[in-house]
Amino acid sequence: MKIIVPATSANIGPGFDSVGVAVSKYLTIEVLEEREAWLIEHDLNPRIPKDKRNLLIKVALQIAPDLKPHRLKMTSDIPLARGLGSSSSVIVAGIELANQLAQLNLTKEEKLRIATKSEGHPDNVAPAIFGGLVVSSYVRGRVSAVEADFPQASFIAFIPRYELKTRDSRGVLPFKFSYKEAVAASSIANVAIAALLKGDMETAGRAIESDLFHERFRQKLVREFPAIKKIARKNGAYATYLSGAGPTVMVLAPTNKAQAIQSRLEKAHFKGEIFELSVDRQGVRVEE
Ligand code: HSE
């Protein structure tokens, strides 16, 4: 059995801690034979534990403490601490591992509740579970989520070589927001979501770039962000935003302009990788 979980790009500008989309990079967990103790074979970062201290197993055991240990093979092309939901993908995989091995028959809504509690906000875990675009809230312990298709657009991701821990990236955000600012920031988010749901990418793009919740505080942490935004705008992109807590910079563009934007960005020789990603509409799945 294989559990496959997509990467996710959260916030999408003003949808801070609320909006995310599943994209085409994947964590795969292959479940092999039972053994005495958990073993997670992987060639990922050596910091990632290969035993029951691995986040995957911790999450699975919280849900089903009596799970029998197995040998697992973990592969992933979701880069760590880059704003593409790598830890959310592991949480969602851990929930699915418990779901499968203990035959819990969890619904997607139940998986989302557990995952959100573990992650603290739903914007990455929700699209990792449902696929596509998910708009959600988590207030006073209650999760609400609405799934939708993402409009036709290309995603061009610039993934820097350096990591940015979510904790550090949240550390530069303000503790307080005035009532007036909160109203302005949420009205921008409302327009972004309405336009995305309607498929109006021009309006969505302008609202995405008008975020007041987090990007203005965080952009100093991602030095390539202004230059990428400038190149993307000049070449017809809809919007450029910080993916999740960064440092990945995401460009949303009309499909017929994606190739040109990607090659312009490559010519600028930023230190990092550039990929075109597509929307994953399925979310977490299990293959026999
Ligand atoms: N919404 C979160 C943030 C995503 O921007 O901090 C990263 O966990």
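**Helices α1 and α2**

Are α1 and α2 oblique or roughly parallel to each other? In this predicted model, the axes of helix α1 (residues 55–63) and helix α2 (residues 86–101) come within 8 Å and cross at roughly 40°. Angles under 35 degrees count as roughly parallel, and the angle here is roughly 40°. The helices α1 and α2 are therefore oblique to each other.

The crossing in which α1 passes α2 is right-handed. On the α1 side, the contact is made by L55, L56, I57, V59, A60 and I63. On the α2 side, S87, V90, I91, A93, G94, I95, L97 and A98 take part. Sorted by class, the residues of this contact are twelve nonpolar and two polar, with no charged residue.

**Helices α2 and α3**

Helix α2 also packs against helix α3 (residues 108–119), at an angle of about 135° and with the axes 10 Å apart. That angle makes α2 oblique to α3. What is the handedness of the crossing of α2 and α3? The crossing is right-handed.

From α2, the residues S87, S88, I91, I95, E96 and N99 meet K111, I114, A115, S118 and E119 of α3. By class, the contact of α2 with α3 has four nonpolar, four polar and three charged residues.

**Helices α6 and α7**

A further pair is helix α6 (residues 179–198) and helix α7 (residues 201–208), which pack at an angle of about 155° with their axes 8 Å apart. Angles over 145 degrees count as roughly antiparallel. The helices α6 and α7 are therefore roughly antiparallel to each other.

In this pair, α6 passes α7 in a left-handed crossing. Which residues make the contact? From α6 there are I188, V191, A192, A195 and L196, and from α7 there are M201, T203, A204, A207 and I208. Nine of the contact residues are nonpolar, one is polar and none is charged.

**The ligand**

What surrounds the ligand? The surrounding residues are N11, F16, D17, H121, D123, N124, T166, R170, R218, G244 and A245.

**Two details of the backbone**

Where in the chain is P247? The residue lies in the loop between β8 (239–242) and β9 (249–253). The peptide bond that leads from G246 to P247 is cis, and its omega is near 5°.

The other detail concerns I12, which lies in the loop between β1 (2–10) and β2 (19–34). I12 is not a glycine, yet its phi is positive, at about 45°.

Terms used. Residues are numbered from 1 along each chain as its sequence is written. This is a predicted model: local features need pLDDT of at least 70, side-chain atom pairs count only at pLDDT 80 or more; totals for chains, interfaces and linings use all residues. Side-chain values use heavy atoms; hydrogens and water are left out. Axes are lines fitted to C-alpha atoms, for helices over the stretch in contact, and angles run from 0 to 180 degrees between N-to-C directions. Helices (H or I, at least four residues) and strands (E, at least two) are DSSP runs, numbered from the N terminus. Angles under 35 degrees count as roughly parallel, over 145 as roughly antiparallel, 65 to 115 as roughly perpendicular and the rest as oblique. A crossing is left-handed if the near helix is turned anticlockwise from the far one by less than a right angle, and right-handed if clockwise. Contact means heavy atoms within 4.5 Å. Ala, Val, Leu, Ile, Met, Phe, Trp, Tyr, Cys and Pro count as nonpolar, Asp, Glu, Lys and Arg as charged, and the others, Gly among them, as polar. A residue is near a molecule or strand if one of its heavy atoms lies within 4 Å of it.
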